[in-house]
Amino acid sequence: MSTKWSKSYLFTLRDAPADAEIPSHQLMSRAGLIKKVAPGMYTYGNFALRAIRKMETIVREELDKRGCTEILMPMVHPAELWQETGRWKKMGDGLLKFKNRNGHDFCLGATHEEVVTDYVRRDVKSYRDLPVTLYQIQTKYRDEIRPRFGLMRGREFSMKDAYSFDANSEGALKSYDTMYDAYKAIFNRLGVEFRIVQADAGAIGGSKTHEFQLLAEAGEDHLMVCDTCDYAANVEIAPSYGGNAPNASHVDVITSFKAGSEPKNWHQMEAFETKGLKQISTLAKSLQMKESDLVKTLFFSANSGLDPADKDLKPFAVLLRGDDELNPIKLKNALGLSHEPLMLTDQEVKDNSGAWPGSCGPVGLKMPIYVDEGLVGRENFIVGANRDAEHLKNVNFGRDFKAEKVADLRKARVGDLCPNCKKGHYKSYRGIEVGHVFYLGTVYSAAMQANFLTQEGESKPIEMGCYGIGVTRTVQASIEQNHDKDGIIWPMGIAPYRVHIVALDPENVEVMQAVEIVARDLESRGHDVFIDDRAERPGVKFKDADLLGLPVRINIGGRGLQNGEVEIIARKTKEMQKVKLEDAVERASSLIRSLFPTVKA
């Protein structure tokens, strides 16, 4: 059945709430799709709910056809399950924890790896029970420090999470590829522009992972995309050395220098005064050098700061080219840390190096030193002397200090060589992460003793993968990507209704008869219809129609009917065509087909 505005609960707003910072949040609020209950928590109006349900239908269809099984797990989790994997502490305040009346600890489910692993370990005993992939569409809760951007960074949200269980890594990677293909099909059906990028596993863990990113200017994620091939990566992990491996002999000099083997072009190290030159920019200007020719030293602690019992500072230093920016995710991964390292305070730098920041360097440090690959092959460079207002020149790796490790530690930049094709270069995009696939291996199954007997009778932990799609997040991200100054432009795949019929003269019997006939015929072809039958001026109705953004609009009024005509408008292009009333359904259906070819009309 079609839905009439007069019978629906829909209230649009002229202005967006003050806390709505990005276009999609503003438009969803103005269009009556969401209303805030508390920071990060919203009530979904009927339009939003219809879009969410359509998104869920697409997800279910694509997963079910690939042999996945839907289940539903609880939102409330006992602490014991999270303690088995160590994430009760590791997730910190991101988990909303509470006690029941008996004093037992629980949390609201931020994710369901522990619960699903517990579910499977109770039943799966043999290789004959594998493989299996389970999924659910469930509410999640993450206690965000600063919820913002509406459904983009909310505390409570709807998510599809799936989990694969296999007998070996080959099977697990096959399951990963199956879900990867399912995700491509899902986002193609939505009718949105997206990229698949290599990514960091973060708190979930695992060794292989890809993000599905909707491209949008307001996206929180920074992507590096090759301008020649299909390679793309989150800037968190995008290789920044252009795919060219550092010269092995140069790396040996940095990490395992042998005394007496220094080249003849190495000069004697000397100190010189640099009073008032604490910044790379001012030092470079004073020395008439490029910032890229200088070397900067940064100081961190391997202590995560999350465990009160772990109070030791564990300082270390990182060397970068003067114009480069450190990538904390790469540093975390290179050192095998569970969290991004904490930068030392100015006082901690002074206590551990002997100088205030701006005059520090690697020579004489009593702590591990890590070197970015961008410095490989550099000779006779300048660093801080670890004495205030003083620097050293002619410093060389190995002779003057030794490094623990050389790794790719800097943030990738536009123009860097693509590591995949080695022909193209990085271009920069903003993206919104809406899906993530992980190959977990045995991270959770080993910790929770989710084992099975192999064909040879050996007990082994199950190989796992996990796969998430932010359902409510995707709905808003689609709007963030598809809107204009007048309102939402719904992608056909999740539009709350495909057709918006505007009755310009709702008190005119002939007009309403024509509206009913067109709506009925459209519905017979599988198109859902929303009818604006309010007693409002046409200008008000047109403005609301643009705000709501349904793909196809049909204007039916008394004056037009006198000529036997109605108006059909495509919301995306705003192109209008006048057609005979008897041709309206066919022309509207044809327009729907052109907007989204997979729709059968």
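Predicted model: local features only at pLDDT ≥ 70, side-chain atom pairs only at ≥ 80, totals over all residues.

Guide: Residues are numbered from 1 along each chain as its sequence is written, and side-chain values use heavy atoms, with hydrogens and water left out.

Visitor: How many salt bridges does the count come to, and by what rule?

Guide: Side chains of opposite charge can pair when their charged atoms come close. A salt bridge is defined here as a side-chain nitrogen of Lys or Arg within 4 Å of a carboxyl oxygen of Asp or Glu. By this rule the count comes to 47 salt bridges.

Visitor: Which residue forms a salt bridge with Arg122, and are the two partners buried or exposed?

Guide: Buried means under 20% relative accessible area, exposed means over 50%, and partly exposed lies in between, with a 1.4 Å probe and protein chains only. Arg122 pairs with Asp118, the closest N and O atoms being 3.1 Å apart. Arg122 counts as exposed because its relative accessibility is 58%, whereas Asp118 is buried at 10%.

Visitor: What does the salt bridge between Asp323 and Arg413 link?

Guide: Helices (H or I, at least four residues) and strands (E, at least two) are DSSP runs, numbered from the N terminus. In the salt bridge of Asp323 with Arg413, the closest N and O atoms are 3.6 Å apart. This pair links distant parts of the chain, 90 residues apart: Asp323 is in the loop between strand E16 (315-321) and helix H9 (328-335), and Arg413 is in the loop between strand E21 (405-407) and strand E22 (426-441). Asp323 is partly exposed, with a relative accessible area of 29%, and Arg413 is partly exposed at 30%.

Visitor: Where do Asp416 and Arg410 stand, buried or exposed?

Guide: Their side chains meet in a salt bridge at 3.3 Å, N to O. Asp416 counts as buried at 11% relative accessibility, and Arg410 counts as buried at 8%.

Visitor: Which residues are linked in a network of salt bridges?

Guide: Asp484, Lys485, Asp486, Asp546, Arg553, Arg571 and Lys574 are linked in such a network.

Visitor: How many residues of helix H12 are buried?

Guide: In helix H12 (residues 471-481), 11 of the 11 residues are buried, so the helix is largely enclosed by the rest of the structure. Among them are Arg473 and Glu480.

Visitor: How is the packing of two helices described?

Guide: Two packed helices are described by the angle between their axes and the distance between the axes. Here the axes are lines fitted to C-alpha atoms, for helices over the stretch in contact, and angles run from 0 to 180 degrees between N-to-C directions. Helix H13 (residues 509-524) packs against helix H16 (residues 584-595) at an angle of about 45 degrees, with their axes 9 Å apart. That makes H13 oblique to H16, since angles under 35 degrees count as roughly parallel, over 145 as roughly antiparallel, 65 to 115 as roughly perpendicular and the rest as oblique. The crossing of H13 past H16 is right-handed; a crossing is right-handed if the near helix is turned clockwise from the far one by less than a right angle, and left-handed if anticlockwise.

Visitor: Which residues of H13 and H16 meet?

Guide: Contact means heavy atoms within 4.5 Å. Val518, Asp521 and Leu522 in H13 meet Val585, Ala588 and Ser589 in H16. The residues of this contact divide into 4 nonpolar, 1 polar and 1 charged; Ala, Val, Leu, Ile, Met, Phe, Trp, Tyr, Cys and Pro count as nonpolar, Asp, Glu, Lys and Arg as charged, and the others, Gly among them, as polar.

Visitor: Which residues does a cis peptide bond join, and which residue has a positive phi of about 50 degrees?

Guide: A cis peptide bond joins Leu130 and Pro131, with omega about 0 degrees. Pro131 lies in the loop between helix H5 (113-121) and strand E8 (132-141). Asn380, although not a glycine, has a positive phi of about 50 degrees, and Asn380 is placed in the loop between E18 and E19. Lys422, also not a glycine, has a positive phi of about 60 degrees and lies in the loop between E21 and E22.
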